[in-house]
Structure formats: structure tokens, C-alpha cells
Amino acid sequence: SDLVVLLWAGSCFGGTVIVTGQIVDFHGRPVREAEVAVVENDRDWRIELSEARVCGPVVRTDDRGQFETKAEVYSTRDMFVVARKPGLALAWDRAPLDAPSASRLAFRLVMEKPQTLSGVVVNASGKALAGAVVRAVPKTCYLSTLDQSPISQPESWLSTRTDAEGRFRFDAFSVDVSCDFW
């Protein structure tokens, strides 16, 4: 029982983390004016991501693609950094598992070429549902560090409405992303 307490204390420290990094495009060029958010997924294993939240202010990258922000997190084990900019695919990565009590973390994210992911929402009778809210929960195995860990925030970045024919589309995911839909 003492071992369990020590492991828990090592992975959850609840405090402020300084998050810095650089965002580059698929050619390695700095991405300026990308929005960057720090997200913490608090797992509810029945439905995966019920308590995910943005942990601090959404910031923008400078001319060198660099950013810095402060985040209030409970556990760095469930922390992600997510970046978006129109014309590029969303990029994200999780905090390293070997840094559970770090007070400062650095990230380098690569924004790939965007691809379209689309579908149709229908009711039980097969009739298209116009105006339905569709929320993507994207996941990827980028460099095997994410191991299919999904993100669900910021919600407005990952949500859209169906058109009159029940169609929806997301235009900001890279080719290696798969999604669950809510």
C-alpha cells in the first residue's frame, strides 16, 4: 500500500507548469500566429474523456514559432499541448511520462498538411440530420509517443454542425489521424 501512495504522489502534483515550445510546419519552418492550448484529460474510463479541460490561456506563437504559457494542471501524465492555424493540420503532443512533477516543460510540434475527414449523420430511420453537433475526438500514434491517446479540447476546435444533408467535415487533421465522433 505504501508503494501505491508513492506512485500516486509522483504522478500528481497539482500546480503551475510553465509550458514553452516551438511550432513548425512540415518543411521545418516556424509557424507564426498559431494558437496553442494546454489541455488536461481527466479520464473517465467509461466514456474516455468526460472531464478534459483547457488549463490556461490560449496563446499565439511569435515570428519564430515560439510560445510560452502557464497552465494549472493536476497531473502532467494527462497533459497535452495542442496547436492550430488555418491551412495547417492540428498538432498535439502529450507531456513526457518520465516528467510527472516537472514545473517546466518544452514541446516542439510539427503541423502537417491538412486533410479532410467527413461523414453523414442520420437518425434511426436513415434520414439525414441537419444541424447536429459533431465533435471529433482525434488520436494518432505520432512517433509512438501518443499511443492512440485522444484529445477532446478545446471543444470549439473539434466541433462542427451538419449541413442540410446531414454532412459534416473537418479540414484540419493530418493523414495519420483517426477519430471517434460524439
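Tutor: Gladly, and let us begin with contacts, meaning heavy atoms within 4.5 Å. Leaving aside its neighbours within four places in sequence, Thr16 touches Lys70, Ala71, Glu72 and Ser103. Keep in mind that this is a predicted model, where local features need pLDDT of at least 70, side-chain atom pairs count only at pLDDT 80 or more, and totals for chains, interfaces and linings use all residues. Residues are numbered from 1 along each chain as its sequence is written, and side-chain values use heavy atoms, with hydrogens and water left out.

Student: What joins the side chains of Thr16 and Glu72?

Tutor: A polar contact of 2.4 Å. The term covers a pair of N or O atoms within 3.5 Å; within protein, one must be able to donate a hydrogen and the other to accept it, and residues adjacent in sequence count only if both atoms are side-chain atoms.

Student: In which strand does Thr16 lie, and how does that strand pair with strand 5?

Tutor: Strands are DSSP runs (E, at least two residues), numbered from the N terminus, and two of them pair if DSSP finds at least two bridges between them. Thr16 lies in strand 1 (residues 15-25), which pairs with strand 5 (residues 66-73) in the antiparallel sense over eight bridges. Glu72 is the bridge partner of Thr16 in strand 5. With strand 8 (residues 104-111), strand 1 pairs in the parallel sense, over eight bridges; there, Ile18 stands opposite Arg104.

Student: Is Thr16 buried, partly exposed or exposed?

Tutor: Buried means under 20% relative accessible area, exposed over 50%, and partly exposed in between (1.4 Å probe, protein chains only). Thr16, at 35%, is partly exposed. Strand 1 is largely enclosed by the rest of the structure, because ten of its eleven residues are buried.

Student: And how do I read a pocket?

Tutor: Rolling a probe the size of a water molecule over the atoms shows where empty space is left. On a 1 Å grid over the protein atoms alone, a pocket is an open set of points where a 1.4 Å probe fits, with protein on both sides within 12 Å along at least five of seven lines; lining residues have an atom within 4 Å of a point. Among those lining the second largest pocket here are Arg84, Trp157 and Phe173. Strand 12 (residues 167-173) gives the largest share of that lining, four residues.
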